[in-house]
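Take a moment to look at the sequence and the 3D structure below.

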Amino acid sequence: MKIKYFFISIIFLFLETNSFALINSFKIDNSKLLVNEIFKPIYGKNGIVVTEEEIASKVGAKILSQGGNAVDAAVAVGYALAVTFPEAGNIGGGGFMMIWLNKEKKAIAINYREKAPKLATRDMFLNKKGNVNDDLIDKSHLSSGVPGTVYGLNYALKKYGSLPLTIVMKPAIDLARNGFPVTHAFSNSIEESKDLLLTSSESKKIYFNSNDEARKTGELFIQTDLANTLEKISKEGTKAFYQGEIANKIVQDMKENNGIITFEDLANYKAEEMTPIFGKYRGFNVISVPPPSSGGVTLIEMLNILENFDLKNVPLNSAKYYHIMTEIMNYAYHDRNSQLGDPNFIKNPIQKLTSKEYAYNVFKKINLIRHTPSSKIQTDGIKIASDQSGNTTHFSVIDKDGNMVSNTYTLNFSYGNGKTVKGTGFLLNNEMGDFTAKVGVPNSYGLIQGKANAIEPQKRPLSSMTPTLLLNENFDPILATGAPGGSRIITQIFNVLVNYIDYNKNIATATSKAKFHSQLWPDEIYYEDGISPDTLEKLSKMGHKLKLGHPYGSVQTAEQKKQNQIYFGFADPRSEGDGAIGVFKE
């Protein structure tokens, strides 16, 4: 986030008066999050939809109000965000969807992560000197994995939805064909990614006016090519993208720009339904995504370690609190980076890493008064600090029957690699950068990863996406949550769950607290403004290196407060817009 100022508006819908009350509209400097403002979740009856973007939230809410279930609404939101939030919403990327079917008491994980093309090689991003070529891995057609979003969304709808694809996709098609007003946030995001987007003549045509000016706030944004692409998918289904005219356009674009995705890669792509990662934390059931996302395993490991601490004697936001949390993060990220990868290629030690016994052994290593340097935790390999960047988006849905969807999907960087496939209107991802391009060298998120995540044909890169479901001891639904933020996704969800469970904060307060993150390398705590100077001084004396950063991430949480009766949602105030939309239906 590079903007100097942004506005936050939270709209509360009151069923009794059918009126709107606008509160908490304020301006904040991007270096200072106003954590002391009073945030409240939005109320909904018969369901809740929470996204980063208001139009997409309204699309999902309308689907629920028309009798659709949580999966129907989630798929509609996924396609709508591809139109209204193209910096991360997509049909050219991939992600993970967690589903809770309340009647069946069943959790499902759908893995629609991108795959490496068959022509991919382990050293494909290294130059003649053996160094990583950042331009290739970030900005070229070579950086694109085989997209999974269309397959994943359509698979979820066909198996667990209740409405036809044509109805669920119609709002997105209409938005692309008829247009919508460009928001300040959208215009600003284009400007921030200007250098990347202008590397593609197709992207330039879509996102810029004459003189290479980003589309202006208030301007009607029409995407005819994207509308035609979406319409073809809605009529012909998944095969339209992976085997038909759209696939041919992708392959032709690859051939013209030194990319390696082939028609065979697209035709053979499949999403996978997988067993979720289950954990228990202080009586709650935590269900999250399995590898090739590291999110679920790492989250459960961190919660298991933390469960050994009595937080009743640890004040929230105290130096002791930050110390315990970040020490846990470092140990868990070491396991994440060195042991996890695509389960079709390596054996992940899931049972070990998510066991209470393993967590207790890690707990015993934590020094309560002194930071353990990263070099003491990881004793081999190269450790190099790196900036962290990228963009993803998350949305959460709960319907009137308590079914929940938590979905995170991405293009990796904002606007992916910046390349729009000619004649289709959609952007390509640069997810190949999530692989280990070279052991010991950090990726774009500063993660030092091992051979388990090395590039191999048809392999899915390790991810940090952490769509998560929280249920009570009786497996009644409570929360669907998740966030964007690259390597910081997992710690955001860790922080929110601890704030919610251990410190009894509502979802708005739990989300709005100043965020902090540590991932072993670089050996530092990355934090937002809002932590007291006294606390920072104490952490420094404990041996921690501290780095103040801009507000990051965007946690989107949907909550069922009273079974099948009361719903709340909260969209992270770090994002500009009104993403939490309650559903009101008699």
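What covers the buried residues of α1? The elements in contact (heavy atoms within 4.5 Å) include β4 (47–50), α2 (70–84), α5 (165–178), β12 (391–399) and β21 (580–582). Before going on, note that this is a predicted model, in which local features need pLDDT of at least 70, side-chain atom pairs count only at pLDDT 80 or more, and totals for chains, interfaces and linings use all residues. Residues are numbered from 1 along each chain as its sequence is written, and side-chain values use heavy atoms, leaving out hydrogens and water. Helices (H or I, at least four residues) and strands (E, at least two) are DSSP runs, numbered from the N terminus.

**The helix α1**

Helix α1 covers residues 54–65, 12 residues in total, and spans 16 Å from its first C-alpha to its last. That is close to the expected 16 Å, where the expected span is 1.5 Å times one less than the number of residues. Its buried residues (under 20% relative accessible area, with exposed over 50% and partly exposed in between, using a 1.4 Å probe and protein chains only) are Ala-56, Ser-57, Val-59, Gly-60, Ala-61, Ile-63 and Leu-64. After the helix comes Gly-67, which has a positive phi near 100 degrees.

**The strand β12**

Is β12 buried or exposed? It is mostly covered, with 9 of its 9 residues buried. Asn-391, Thr-393, Phe-395, Val-397 and Asp-399 point one way, while Thr-392, His-394, Ser-396 and Ile-398 point the other way. In a regular strand the side chains alternate between the two faces of the sheet.

Strands count as paired if DSSP finds at least two bridges between them.

| Pair | Bridges | Sense |
|---|---|---|
| β4 and β12 | 4 bridges | antiparallel |
| β12 and β13 (404–412) | 8 bridges | antiparallel |
| β17 (525–527) and β18 | 3 bridges | parallel |

Val-397 of β12 stands opposite Val-49 and also opposite Val-405 in β13. The hairpin of β12 and β13 has 4 residues between its strands, and Gly-402 there takes a positive phi near 85 degrees.

Elsewhere, 3 strands form an open sheet in the order β16-β17-β18, with mixed pairing. β16 (516–517) and β18 (546–548) stand at the edges with a single partner strand each, so one side of each has no neighbour in the sheet. Within this sheet, Ile-525 stands opposite Leu-546 in β18.
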